Amino acid sequence: PTSAQVSVVPHAGRFCYTLDNDLLSTEQRQFYEDNGYLLIRKLVSDEDIERFRKEFVRICKREVKPPGVMIMKDKSLRSQFGQSEKAVNKVQDFQEDEELFRYCTLPEVLKYVECFTGPNIMAMHTMLINKLPDSDTQTFVHPMHQDLHYFPFRPASRIVCAWTAMERAHRDNGCLLVQPGTHRTALKPHGYPEWEGKTNKLFHGLLDEDEKIPKVHLVMDKGDTVFFHPLLVHGSGINRTSGFRKSISCHFASSDCHYIDVKNTTQEHLEKELEEMVCKKYNATSVELKDIWNFRARLVQGERINL
């Protein structure tokens, strides 16, 4: 949809989480309203995915060093594999890598994003996930969580994640796991689960998960893309295969969104942890959460207003 075809004000009646547009059917909008996610099959081409995969390997090998990128590794595999994709489970904040950032600008992705954010679109948070084989240690299980826990900007309804499978994702290799309808709940307290020695940095999870809410495994083929709300409770399981499960994602937000102060909220401890990490990485004495997000955020369509 063009900018003129999308209303920036949430629908007063039936639809709260999508904007009026000429792309989504009434059934698709209602599914997202009810469940908090929408799966679009074969959205991203095999050619684009292959380019992203090659760039990921180049970053792992340190053939390219994009500024700001965070390469997250399994410490136990470093000595065995060194600078190899076999030790890297995530490349985060790739907004300065021209090749990977192409994902955030793909017209076929943005036309859907606009249905949730409106015409002024910021890419706020980027990740390429390489879920490693993990049958024994469970190091790469991401506990059930809400992405809004990580974000100091609102409103939540104008934020959406696009998550694309770079190869088939299924139960055996740790596909996404969602709890439909939980996007209509409040942001819950998060922290590190009680898995002694098995949790990666910043892999926070719900401190009090409601086990009664049914979970759905999102089985996806290469190129399939799911769009989901930042309050949707989701996670991923163990990769019980010998291969890797790659995906690429971006959290988009309307540039009309605004930053909030997370002090005295459930997000305060995350703010401290993130600020400490950034200070250590860049040898800085102090940094503010808003500055970290200003550095990450990039305009991909329309006008940069608040974010």
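**View 1. The side chains of D221 and R168 form a salt bridge with an N to O distance of 2.7 Å.** This pair links distant parts of the chain, 53 residues apart: D221 belongs to the loop between β11 and β12, and R168 to the loop between β7 (159–165) and β8 (176–179). A salt bridge is defined here as a side-chain nitrogen of Lys or Arg within 4 Å of a carboxyl oxygen of Asp or Glu. D221 is partly exposed at a relative accessible area of 32%, and R168 is likewise classed as partly exposed, at 44%. Buried denotes under 20% relative accessible area, exposed over 50%, and partly exposed the range in between (1.4 Å probe, protein chains only). The model is predicted: local features need pLDDT of at least 70, side-chain atom pairs count only at pLDDT 80 or more, and totals for chains, interfaces and linings use all residues. Residues are numbered from 1 along each chain as its sequence is written, and side-chain values use heavy atoms, with hydrogens and water left out.

**View 2. D224 and R41 are joined through their side chains in a salt bridge (2.7 Å, N to O).** D224 lies in the loop between β11 (216–218) and β12 (225–228), and R41 in the loop between β1 (37–40) and α2, so the pair ties together parts that are 183 residues apart in sequence. Helices (H or I, at least four residues) and strands (E, at least two) are DSSP runs numbered from the N terminus. D224 is buried, with 1% relative accessibility, whereas R41 is partly exposed at 48%.

**View 3. K212 and D210 meet through their side chains in a salt bridge of 3.6 Å, N to O.** K212 is exposed, its relative accessible area being 73%, while D210 is partly exposed at 32%. The count of salt bridges in the model comes to 14.

**View 4. Helix α2 comprises 15 residues, 46–60.** From first C-alpha to last, α2 reaches 21 Å, close to the expected 21 Å; the expected span is 1.5 Å times one less than the number of residues. The buried residues of α2 are D48, I49, F52, E55, F56, V57, I59 and C60. D48 also takes part in a network of salt bridges with R51, E99 and R102. Just after α2, R62 adopts a positive phi of about 65°.
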